[in-house]
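Trainee: I am new to this structure, and I would like to learn how to read it one feature at a time. Please take me through it slowly.

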Amino acid sequence: MAELIDGKAIAAGIRADVATAVAAFTAQTGYVPTLATVLVGDDAGSAYYVRAKHRACKSAGMKSVGHELSAETTQAELESLLKTLNDDDSIDGILVQLPLPKHIDEQRIIDLVAIEKDVDGFNVQNIGALAMRGREPRFSPATPLGIMRLLSEIGVDLNGKNVAMIGRSNLVGTPTTLLLANANATVTLCHSRTRNLAEHTRLADIVISAVGRPNLITGEMLKEGCIVIDVAINEVADETAKRGYRLVGDVAFESAEKVAAHITPVPGGVGPMTIAMLLVNTLKAAQLRRATT
Ligand code: NAP
């Protein structure tokens, strides 16, 4: 039976370490690391995530400033806000909650975030540096960093390991692939056009799934003793649950835990790591901007 990878506990440890480092930073510099968030529109899920990020900042001793804009906000208005935040010396990190409304050119907005404040790591300069050998991105995206941290916490040496990364989004799959390759893993990047997914997952020492499809990965698709990281968050109807649904990942947990050596639960696996790594990036932004590292 697989051992659970307790993302919640690991994330709590990281958040406690960040809080200690923030206190030391503030004592040394007189500055409080500050995150600005930008939320456009009234998507309940996005608003929930932004609130969670503000709470996390507060509990780490950081400041956070929220900008909530209506769904009708124009490209020019959003660009103008970003320029203001870029120029505002009191702001260390800028987080634009995605997705943005359809009429907004999302990539243009992401690329407008000043590289030294790009704590989400989605600016093309940061991703470009991650993709090039010998270059160091200033920031890498939080969820991929969280996945890497989970693997290191369970003591995995990635050198030469076969990894099946399922999903190739800019948010998760592609940057995780780059981080894994930089750590000398051999990565197979699977996606919706992959012909026989099980052929790839069965060869993998580590299977990471970021698709958004319940039961995509079952135990019989896994190699005995592998590690399974389930990034996805799917709502499935459940009459016995208070809200009428429960959260599951891409992995059929019951069959997978019989085959894997380590597995993340959903919820409580990758999710808590994302916020923890955002705090790590925001502290890093403040330290680099105030030149204390
Ligand atoms: P996304 O942008 O929708 O990307 C999904 C990826 O899955 C795409 O690359 C797609 O392939 C691939 N895919 C679709 N069907 C497939 C199939 N049958 N077999 C193999 N690959 C398939 O999603 P995302 O933003 O990366 O998010 C993925 C999941 O992770 C979602 O459930 C999301 O809620 C969750 N998530 C969790 C966290 C966290 O903190 N835990 C953070 C971010 C996202 P194509 O490229 O060919 O279309």
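**Strands, domains and spaces**

Mentor: Let us start with a pairing: strand 8 and strand 11 (residues 262-263) run parallel and are joined by 2 bridges. Helices (H or I, at least four residues) and strands (E, at least two) are DSSP runs numbered from the N terminus, and two strands pair if DSSP finds at least two bridges between them. The model is a predicted one, in which local features need pLDDT of at least 70 and side-chain atom pairs count only at pLDDT 80 or more, while totals for chains, interfaces and linings use all residues. Residues are numbered from 1 along each chain as its sequence is written, and side-chain values use heavy atoms, with hydrogens and water left out.

Trainee: Which residue is the bridge partner of I227 in strand 11?

Mentor: In general, strands of a sheet pair through backbone hydrogen bonds, either parallel or antiparallel. Here the partner of I227 in strand 11 is H262, while I206 also stands opposite I227. I206 belongs to strand 7 (residues 206-209), which runs parallel to strand 8 and is joined to it by 4 bridges; I208 stands opposite I229 in strand 8.

Trainee: In what order do the strands of the open sheet lie?

Mentor: The sheet has 6 strands in the order 1-11-8-7-5-6, with parallel pairing. Its edge strands, strand 1 (3-4) and strand 6 (186-190), each pair on one side only.

Trainee: Are the residues of strand 8 buried or exposed?

Mentor: The term rests on relative accessible area, with buried under 20%, exposed over 50% and partly exposed in between (1.4 Å probe, protein chains only). In strand 8 (residues 227-230), I227 and I229 point one way and V228 and D230 the other way, yet all are buried.

Trainee: Why does T73 count as buried?

Mentor: T73 counts as buried because its relative accessibility is 6%. T73 sits in the loop between strand 3 (63-69) and helix 3 (75-87), where a polar atom of its side chain lies 2.6 Å from the backbone oxygen of S70.

Trainee: How is the chain divided into domains?

Mentor: The bounds come from an automatic or database domain assignment, which here gives domain 1 (30-116) and domain 2 (142-272). Their C-alpha centres lie 28 Å apart.

Trainee: How much space lies in the largest pocket?

Mentor: Rolling a probe the size of a water molecule over the atoms shows where empty space is left. On a 1 Å grid over the protein atoms alone, a cavity is a set of points where a 1.4 Å probe fits but cannot get out, a pocket is an open set with protein on both sides within 12 Å along at least five of seven lines, and lining residues have an atom within 4 Å of a point. The largest pocket holds about 1600 Å³ of space. Among its 50 lining residues, Y48, Y49, I233, G271 and T274 are the closest to its centre. Helix 2 gives the largest share of this lining, 8 residues, and each of domain 1 and domain 2 gives at least three.

Trainee: Which residues line the largest cavity?

Mentor: There is 1 cavity of 30 Å³ or more, and the space in the largest cavity is about 50 Å³. Its lining is made up of I94, L95, V96, I110, V113, D118, D120 and F122, with strand 4 giving the most, 3 residues.

Methods
Points joined across faces, edges and corners; volume = space filled by probe spheres on them. Polar contact = N/O pair within 3.5 Å; in protein donor to acceptor, adjacent residues only side chain to side chain.
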